[in-house]
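Subject: Structure for your use, with notes

Hello,

The structure we talked about is below. My notes on it follow.

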Amino acid sequence: MRVSTLGTFPLQKPHLPEESSKTVTKQPLPEMVSSLRLLTLTSLFSPSFTRRTTVSLRRRLHLRPPLAAGFSVQSAASSLPETEDRLDHKKSSRAQDPANTDRVITPRSQDFNAWYLDVIANAELADYGPVRGTMVIRPYGYAIWEAIQDYLNVKFKETGHSNMYFPQFIPYSFIEKEASHVEGFSPELALVTIGGGKELEEKLVVRPTSETIVNHMFTQWIHSYRDLPLLINQWANVTRWEMRTKPFVRTLEFLWQEGHTAHATPEEAEKEALQMIDVYTEFAYEQAAIPVIAGRKSKVETFAGADKTYTIEAMMGDRKALQAGTSHNLGQNFSRAFGTQFTDENGQRQHVWQTSWAISTRFVGGIIMTHGDDSGLMLPPRIAPIQVVIVPIWKKADEKTGVLNAASSVAGTLKTAGLKVKLDDADQRTPGWKFNFWEMKGVPLRIEIGPRDVSSGSVVISRRDVPGKQGKVFGISMEPSILEAYVKDRLDEIQSSLLQRAISFRDSNIVDVSSYEELKEVISLGKWARGPWSASDADELRVKEETGATIRCFPFEQPQGTKTCLMTGNSAKEVAIFAKSY
């Protein structure tokens, strides 16, 4: 099978996923090369990721292979009261694991991008694939994605949608049927031209999105108004030949869900598109603790082939915007292109009205960049693969059995209560190393159990979101009902605390502006600018050219009163948010 990229359209691609301005190199389609060929990637994935290159990159970024890493954290052991067992283990941790004191994570304030890569590697979320721009999602990273899937699957089914699956190979002629769609996606399509050793009669597109093949099938399934609405979703991988890549945020292949619906009226389609962006907003706030701003995309940033695009925009720790999810009202654009019609109640043939909507693994990147700190990940409890880690501590051989029995009992109590618990009873690493490791992986709560705790029937509990002594509480009873209630309360507090912290950070970095000069100044400071806007598409592109910022959305929540466009001085109905983005 030969795969090539389609690079013959020097066109500006709409937003999904959005990106900084990029140059698409004009080139003819390769016709005789049977290997996988990539456009040049000026990106973090630009080296050829052989084993040697991966090791070299890790060395350059001070990364360590799993289970051989020291972590750049203030050791939790250093803040413990100087009780005998904990003091001894603090000393022995340093003696046995000198890597504990070796800083391997670049501070966020020093280099945000290097910090992000360090966290992904050391928290064992993902690694580089052998093809440039691809990644291997490791079990812990995939578990976060599964938590996203678990929540959204329930919501999708509650709103009447069914899961199914479409092929990843799409005839190129399908893409050509909807003009704006082919223009939007042509620069990043991957094409298959040879299969089974023979030249294919028609090139196949490796799925970049599924609107075209979905419509092809809808034409066979929809005949009457009785067949509507048709509400489906699929969990799948997609391929987009990105010029600039970043793990989770932008890769050549990524995972997502894409919903597709067909309706009898435009009102029903609009209601559906808004309903699904509300589902995404609720997920972001309640599960991921990310205070997104929901709104409508500008015409320039609207999805290729849609009438309207709704979005949720999240502010990352470096104050760049991340488009975290989208919902599109497709109108009748695809149904007219594919002839997707139904007979209405009056016996008239009508084209269906459609929507599509998606969230991808870039949301995992959003969680990292919203909540993480210099110690690594910081996961909201509701999506954390492990909510509580238990670290048993013993010094003498005759203490081990009692400590491990108590730790196992505590783990059983919390698992019975429905919590996700990890008992780290491995004796190859010291307690101090384990503290740092699980902090790196963002586990919300840590329970420590030593000989004195066994004697007193209590445990020590540390919060990931509150470092040092302030986040550590001693003497929590092991009695099941007391311990269960305490742990659940603390997890709820952490969930709420992370959201409130993110809201405060977001709000302190959004500045209201009333002129273009003010907008440019705010963007130059790395913040988001919010101001009235009714200017032209050309003016919007000028802002992008001169500042690097784009209109992230026209928020659903709009201020009252008269407004004057910051660019033209004319009357404006809405304020827009401008920011630099991923």
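T302 sits in the loop between β10 and β11; helices (H or I, at least four residues) and strands (E, at least two) are DSSP runs numbered from the N terminus. With a relative accessibility of 11%, T302 counts as buried, where buried means under 20% relative accessible area, exposed over 50%, and partly exposed in between (1.4 Å probe, protein chains only). Its side chain reaches the backbone oxygen of S298 at 2.7 Å. A polar contact here is a pair of N or O atoms within 3.5 Å; within protein, one must be able to donate a hydrogen and the other to accept it, and residues adjacent in sequence count only if both atoms are side-chain atoms.

Some conventions before the rest. This is a predicted model, in which local features need pLDDT of at least 70 and side-chain atom pairs count only at pLDDT 80 or more, while totals for chains, interfaces and linings use all residues. Residues are numbered from 1 along each chain as its sequence is written, and side-chain values use heavy atoms, with hydrogens and water left out.

The 11-stranded sheet

An open sheet of 11 strands runs in the order β4-β8-β9-β15-β12-β11-β10-β23-β24-β22-β21, with mixed pairing; two strands pair if DSSP finds at least two bridges between them. Its edge strands are β4 (162–163) and β21 (510–512), each of which pairs on one side only. Strand β11 (residues 308–315) pairs with β12 in the antiparallel sense, over eight bridges. Within that pairing, L322 in β12 is the bridge partner of A314.

Axes are lines fitted to C-alpha atoms, for helices over the stretch in contact, and angles run from 0 to 180 degrees between N-to-C directions. Helix α14 (residues 480–508) lies across β10, β11 and β21, at about 35° to β21.

The length of α8 can be checked: its 21 residues (266–286) should span 30 Å at 1.5 Å a residue, and the end C-alpha atoms are 30 Å apart, which agrees. The expected span is 1.5 Å times one less than the number of residues. Among the buried residues of α8 are A269, E270, E272, A273, M276 and I277.

Which strand holds S327? The residue lies in β12 (residues 321–331). S327 is buried, at a relative accessible area of 0%. Leaving out residues up to four places away in sequence, S327 touches A273, M276, I277, K308, T309, Y310, S356 and W357, contact being heavy atoms within 4.5 Å. The S327 side chain reaches the backbone oxygen of A273 at 2.8 Å. S327 and M276 are 51 residues apart along the chain, with their C-alpha atoms separated by 6.5 Å.

Aromatic pairs

There are 14 aromatic pairs in the structure. Rings of Phe, Tyr and Trp (its six-membered ring) pair if their centres lie within 6.5 Å; planes under 30 degrees apart count as stacked, over 60 as edge-to-face and the rest as tilted. F112 and W115 form a tilted pair, 5.1 Å centre to centre with 40° between the planes. The two are three residues apart in helix α3 (residues 112–122), so about one helical turn separates them. Both F112 and W115 are buried.

Y310 and F556 form another tilted pair, at 5.7 Å centre to centre and 50° between the planes. Y310 lies in β11 and F556 in the loop between β23 (550–555) and β24 (575–579), so the pair ties together parts that are 246 residues apart in sequence. Y310 is buried at 4% relative accessible area, whereas F556, at 39%, is partly exposed. W145, F156, W235 and W357 form one aromatic cluster.

The five-stranded sheet

An open sheet of five strands has the order β17-β16-β18-β19-β20, again with mixed pairing. The edge strands, each pairing on one side only, are β17 (421–423) and β20 (472–477). Direction ignored, neighbouring strands of this sheet are turned by 25° against each other on average. Strand β16 (residues 388–392) pairs with β17 in the parallel sense over three bridges, and V421 in β17 is the bridge partner of V388.

Helix α12 (residues 431–440) lies across β16, β17 and β18 (445–449), at about 170° to β16. Helix α14 lies across β16, β18, β19 (458–463) and β20, running at about 5° to β19.

Regards
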